[in-house]
Amino acid sequence: IYDSDNSSLEKYCKYCITKANETDLEFVSSGHIQEALLELESIKNKQDVSLCTMMAQIYIQKKSPHPDREVIVELDTKLKEQRKVAGQQALYFAGLFLWHIGRHEKAREYVDRMIKISNGSKEGLILKGWLDVTSGKEASIKKAVKYLDEGLQNGHDLFGLMGKAQYFELRQNYSGALETMNQIIANSPQFLPAFIKKMKLQLALQDWEQAIETAHRLLQKDALNLEAIKMEAIHSLCREGNIPEASSKLADLINALGKLEPHNPQLFCKTALVFSRTCGRSQLILQQTQTLVEKAFSLASQNADIATELGYQMVLQGKIKEAVKWYKTAMSLDETSVPALTGIIRCQLIEGKLEDVEQQLEFLNEIQHSIGKSAELSYLCAVSAMKKHKGQEDVITLLNDVLDAHFSSLQGLPLGVEYFEKLNPDFLIEIIKEYLNFCPTQPAGPGQPPSPLLKPCASVLETVVKTVPGLLQAAYLAAKVKYLAGNCEASRSVLQRCIEQNPSYSDAHLLMAQVHLLQNNFKLCSQSLELCLSYNFEIREHPLYHLIKAQAQIKMGEIAEAIKTLQMAMNLPGMSRAASSKSKIKKIEIDGSDRVSVYLELVNAHRLNGEQHEAIKVLQDAINEFSGTPEELRVMIANADLALAQGDVEEALTMLRNITSEQPYFVQAKEKMAEIYLEYRKDRKLYASCYRDLVEKLPSSHTFLLLGDAYMNIQEPEEAIEVYEQALKKNPRDGALASKIGNALVKTHNYSKAINYYEAALKTGQQNFLCYDLAELLLKLNQYDKAEKVLRQILNHESGKNFFCSTLLFTC
């Protein structure tokens with residue numbers, strides 16, 4: 001009986017049995033029942049292993065497709081008789097066997113009895129320590145180290161030291177566990193399980209270099225060591241992002257599996273998980289992981305879980321019809337399989353079969369109370385709600401639930417294979433893309449706060465990029481979120497690393513062009529577009545390439561050229577819904593947001609060129625094209641802009657009033673209305689009322705911040721302070737808010753309160769920019785000594801490398 005999930009256990013078992021020098025009892029693959037029974041039959045009369053032999057025979061009989069009830073009863077009777085007269089070693093091996101098959105409490109009975117009759121056998125104490133370590137009960141785990149230490153007195157028992165390392169690992173003391181492994185290796189340099197454990201602990205400590213070095217050492221001792229080959233493949237994929245090399249290492253792993261474990265379906269299937277979840281949907285890797293799962297199913301064609309995994313492998317490759325087939329196969333094998341039903345729903349959502357989805361989601365939501373909250377189910381509910389154009393707040397709440405449920409399953413897990421599997425970066429990238437559907441496609445304007453939805457995106461992507469630095473899609477999305485938050489330098493830095501890793505990565509070049517455009521660096525913007533084109537000539541077929549080029553042309557005053565560029569984009573395959581559905585040309589993935597941006601930029605270009613009639617015509621085309629889609633509201637806001645340009649203020653306001661709080665772009669519509677009231681109507685009260693309405697309809701730290709900024713904009717700092725303080729209660733560690741409150745207090749000449757506010761905010765950990773605000777205020781108040789003290793704190797913190805701070809200090 002081979003434990004496929006932990007080959008080290010098998011090695012420990014073999015080691016213990018070899019040390020006992022009594023038998024060649026082996027744990028063999030559960031697929032070889034007759035061979036296992038024959039092996040056990042040959043050693044059943046050996047006194048020290050007779051008990052565990054009978055237990056193994058009973059266990060195998062019960063696990064077989066056609067158990068022999070008479071044999072089981074007969075063996076059970078003999079077991080009860082022999083148990084009464086069993087000696088120390090027989091009890092030990094019986095306890096060891098029961099532990100390996102997961103019967104911890106029964107194993108404890110045998111081990112306790114063995115310790116009692118042997119007057120505290122060290123071997124028994126070590127096994128008892130292992131039982132406690134693996135019990136899953138906190139009270140027992142605490143006691144484990146006591147038994148292990150007692151068993152290890154004046155000795156270097158390998159099994160005991162491995163147990164102690166396991167204890168340290170459970171306590172997340174990876175350094176302590178690593179030290180124990182080094183102790184074992186020093187005394188037993190041929191004991192490979194210690195090298196395997198050491199390699200995994202080095203990864204848990206996020207020391208990739210040392211982990212891969214240990215893998216190389218392992219392969220020198222055992223050229224087909226599965227764990228070491230797997231580590232090499234994971235390193236190439238997750239750390240380096242080198243797909244060809246990762247594929248080569250994965251091929252080596254598949255070859256080794258075929259030689260060492262040709263009849264182990266669970267191991268074939270499990271091996272596929274980590275690579276398919278972290279490969280960024282690389283077809284090269286996914287073809288290999290599909291092969292692994294297909295091999296598993298060929299060995300266990302009645303296993304619904306393996307069929308379900310095959311369905312997911314097809315989803316990752318975009319083969320939805322084949323995915324449905326496999327999910328249905330899984331349902332036929334186990335009609336109660338929730339993962340298989342969830343897979344079918346996922347496929348139906350992809351295919352747009354929303355009516356079929358609703359009923360099944362209701363059923364799963366009802367049974368969720370008994371099966372526990374599922375991140376996958378919450379995600380499907382969110383996607384369904386979005387496809388049915390439900391309110392943004394409802395969808396975001398569901399997406400927040402997805403992240404909460406997903407990350408709760410990772411608590412306490414060290415960095416390693418299981419962590420990569422459960423982190424499932426591919427799934428997290430899907431979630432982030434759903435969040436970004438509700439974010440503006442361009443960074444906020446000067447003085448405007450970025451979308452609050454960027455914050456959870458940034459947090460999730462930071463985790464993924466830190467854990468799987470080789471995953472380009474995650475790094476690219478992190479750069480995009482930084483760009484949308486207005487942090488151009490940080491975005492550019494991440495994109496540069498993406499391009500260094502893969503110079504032909506088109507998305508990174510296009511985003512880099514947008515970053516340069518935002519910074520009005522038109523020359524570098526053009527260079528990024530040209531570089532993108534040199535690596536991938538097909539990018540000319542993507543509207544985003546032409547859109548960025550046209551936006552740069554507009555900023556440089558080349559309006560006529562921009563119109564030509566945008567008209568070229570409008571004629572591309574896929575720009576029209578009707579054309580893309582009929583087109584036989586290779587389909588290019590075009591985001592709906594990019595399509596509407598091309599239309600609206602063309603409207604803007606015609607308007608800037610004095611061609612109002614053409615602008616109206618393109619806008620009408622956009623209204624027809626995007627009717628009934630989430631992008632329809634962006635077109636409506638653009639229509640309001642055009643009405644304003646034609647002097648029809650009331651018509652613009654009427655259009656904007658039709659956008660309700662349940663719809664996307666409600667915030668943008670209210671901001672536009674406020675701008676109209678202030679700029680065109682000169683009505684400060686109605687201007688502020690737009691933001692008050694926002695707070696009332698969508699109360700959040702973001703809308704409170706917008707209201708506070710609005711009050712500051714119309715010179716009402718007292719009201720602004722009150723609103724900012726409400727926002728700060730929702731987000732007490734927000735240094736930007738504290739800065740705004742300080743500035744508002746300064747405007748009201750309440751200087752002492754402003755100083756107190758800055759100092760209190762600094763204690764929450766918000767550093768330099770608040771220090772600058774405080775220092776400038778102290779200088780303004782001629783409190784030079786205090787200003788100098790604050791500035792010197794900044795310089796000490798930044799090792800003196802701050803020109804602005806040094807200049808202020810000189811002023812002091």
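Contact means that heavy atoms lie within 4.5 Å of each other. The exercises below use a predicted model.

**Exercise 1.** Which helices are included in what covers the buried residues of α29?

Solution. Start with the residues themselves: F522, C525, S528, L529, C532 and L533 are the buried residues of α29. They cover an arc of only 135° around the axis, so they sit on the same side of α29. The other side of α29 has K523, E530 and S534 exposed. The cover over the buried residues includes α28 (506-518) and α30 (543-555).

**Exercise 2.** What should the 14 residues of helix α29 span at 1.5 Å a residue?

Solution. The expected span takes 1.5 Å times one less than the number of residues. For α29 (residues 522-535) this gives 20 Å, and because the end C-alpha atoms are 20 Å apart, the two agree.

**Exercise 3.** Is T180 buried or exposed?

Solution. Buried means under 20% relative accessible area. T180 has 6% relative accessibility, so T180 counts as buried. This residue belongs to helix α10 (residues 174-187). Its side chain reaches the backbone oxygen of G176 at 3.0 Å. Leaving aside neighbours within four places in sequence, T180 is in contact with L161, A165 and F168.

**Exercise 4.** Which residues touch the most other members of the largest nonpolar core?

Solution. The core has 175 residues, and F275, F420, I431 and L436 touch the most other members. Helix α26 (residues 472-484) gives the most to this core, with 10 residues. A second, separate core holds 51 residues, among them Y665, V667, I676 and A720. Leaving aside neighbours within four places in sequence, the contacts of F420 include L203, W208 and V468.

How values were computed: Residues are numbered from 1 along each chain as its sequence is written. This is a predicted model: local features need pLDDT of at least 70, side-chain atom pairs count only at pLDDT 80 or more; totals for chains, interfaces and linings use all residues. Side-chain values use heavy atoms; hydrogens and water are left out. Helices (H or I, at least four residues) and strands (E, at least two) are DSSP runs, numbered from the N terminus. Buried means under 20% relative accessible area, exposed over 50%, partly exposed in between (1.4 Å probe, protein chains only). The arc is that of the directions from the helix axis to the C-beta atoms. A nonpolar core is a set of buried Ala, Val, Leu, Ile, Met, Phe, Trp, Tyr and Cys residues joined through side-chain atoms within 4.5 Å. A polar contact is a pair of N or O atoms within 3.5 Å; within protein, one must be able to donate a hydrogen and the other to accept it, and residues adjacent in sequence count only if both atoms are side-chain atoms.
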